[in-house]
Amino acid sequence: MRAAALCLCLVAAPVLSQTDGPAPEYFKGRYLIVGTVDAEPPRLVHDQLRLDVDGDELVVSSCKSGAGRLRRGTGFEVPNVYEGDIGDWDVFCEFHNDSSNYPVLLCLSQTGARLTLWSMQDGSADTLLGCGA
């Protein structure tokens, strides 16, 4: 009986720990945002944005796409979801990490925008956006 209980704990522990996901600080930094927007004619999105942490939320600022906030998703049973807005888009984003363990967010809006946020790890996470004039 003890062996069965120990086995169950060893199997369940990694699963239980995965539901927490990374802290919001994991996402802090600059991102390249690329994607498409359903419009007539369809248009491409190419922008830079910055994610900063405010409590449990991510604050979005960008060069062209607008500001917003992202919060951990609560309505789903998957631990890797953020929901909120980026500019005019209400988005549902799944996050993953690339082969160097930097975040990548894949976002979809109800209005048909499909966006990918690639972490720009070119120095410090505190680097300001280079929006130009």
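Hi everyone. Let me begin with a definition: a residue is called buried when its relative accessible area is under 20%, exposed when that area is over 50%, and partly exposed in between. Tyr26 has a relative accessible area of 25%, so Tyr26 is partly exposed. We'll come back to that residue in a moment. Please keep in mind that what you see above is a predicted model.

Here is the overall picture. The protein chain has one helix and eight strands. Of the 133 residues in the chain, 30% are buried. The accessible surface is about 8,300 Å², and carbon and sulfur atoms account for 57% of that. And if you take the contacts between residues at least 6 apart in sequence, 36% of them join residues at least 24 apart.

Now, back to the aromatic residues. How many aromatic pairs are there? The count is four. One of them joins Tyr26 and Phe27, with 5.0 Å from centre to centre and 80 degrees between the planes, which makes the pair edge-to-face.

Phe27 has another partner, Tyr82. Their ring centres are 5.2 Å apart and their planes sit at 75 degrees; edge-to-face means over 60 degrees, so this pair is edge-to-face. What I like here is that the pair links distant parts of the chain: Phe27 is in the loop between α1 (2-18) and β1 (29-37), while Tyr82 belongs to strand β5 (residues 81-86), and the two are 55 residues apart. Is Tyr82 buried or exposed? Tyr82 is buried, because its relative accessible area is 0%.

If you want to find these rings together on the screen, look for one aromatic cluster formed by Tyr26, Phe27, Tyr82 and Phe95.

Last stop: Asn101. You'll find Asn101 in the loop between β6 (89-97) and β7 (103-109). With a relative accessible area of 46%, Asn101 is partly exposed. Which side chain does Asn101 touch through a polar contact? That would be the side chain of Asn97, at 2.7 Å. Asn101 also brings us back to where we started: Asn101 and Tyr26 are 75 residues apart in sequence, and their C-alpha atoms are 9.9 Å apart in space.

Definitions and conventions:
Residues numbered from 1 in each chain as written. Predicted model: local features only at pLDDT ≥ 70, side-chain atom pairs only at ≥ 80, totals over all residues. Heavy atoms only, no water. Helix = DSSP H or I, 4+ residues; strand = E, 2+ residues; numbered from the N terminus. Buried < 20%, exposed > 50% of the residue type's maximum accessible area, 1.4 Å probe, protein only. Contact = heavy atoms within 4.5 Å. Areas by Shrake-Rupley, 256 points an atom, 1.4 Å probe, with all protein chains shown as cover. Polar contact = N/O pair within 3.5 Å; in protein donor to acceptor, adjacent residues only side chain to side chain. Phe/Tyr/Trp six-rings, centres within 6.5 Å; stacked < 30°, edge-to-face > 60°.
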